[in-house]
Amino acid sequence: MPDTQPIAYINARLLDPASGLDAPGALLTTGREITDFGPTLFNDGIPDGIEVIDCHGQALAPGLIDIHVHLREPGHEHKETIATGGRAAAAGGVTSMCCMPNTDPVVDDVALVEFIQRRAREAKSVKVF
């Protein structure tokens, strides 16, 4: 059963490029869903039963997309794998990445694309295109 405990992220810098929002505020999640956010959220206090995480001014923003990633798998796994590249991307706020086809062998057929997609699903870190 997924965790549905509400969590309030307070004292955050809210960034939303789609709406132009760049302001201090709070964000509320329930499970994996954002249920509310804004500069005035929790101005009247935080209800009981909600876990609180103080962001201390750190930014909360939609995940980044890196459209130019040089993954080394297949062919040069000793340098980097889809799993290690995905973990590094996720640590930097990247939630999706587009891998370049300059591997060895070159990603130029359906079987290699499916291989990369399968390895990305197994790694469970970021979406790989």
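I take strands (E, at least two residues) and helices (H or I, at least four) as DSSP runs, numbered from the N terminus.

This is a predicted model, where local features need pLDDT of at least 70, side-chain atom pairs count only at pLDDT 80 or more, and totals for chains, interfaces and linings use all residues. Residues are numbered from 1 along each chain as its sequence is written, and side-chain values use heavy atoms, with hydrogens and water left out.

**Backbone entries**

I looked up phenylalanine 42 in the loop between β3 (33-38) and β4 (51-54). Its phi is positive, near 70 degrees, though the residue is not glycine. Phenylalanine 42 is buried, at 18% relative accessible area. I use buried for under 20%, exposed for over 50% and partly exposed in between (1.4 Å probe, protein chains only).

Next I checked asparagine 11, found in strand β1 (residues 6-16). Phi is positive here too, near 55 degrees. Asparagine 11 is partly exposed, at 44%.

I then noted a cis peptide bond between glutamate 73 and proline 74, omega about 10 degrees. Proline 74 sits in the loop between β6 (64-69) and α1. Aspartate 104 and proline 105 are also joined by a cis bond, omega about 20 degrees. I placed proline 105 in the loop between β7 and α2.

**Helix α2**

Which residues of α2 are buried? I found Leu112, Phe115, Ile116 and Ala120. The face turned away from the buried side carries exposed Val110, Ala111 and Arg121. After α2 comes lysine 124, with positive phi near 55 degrees.
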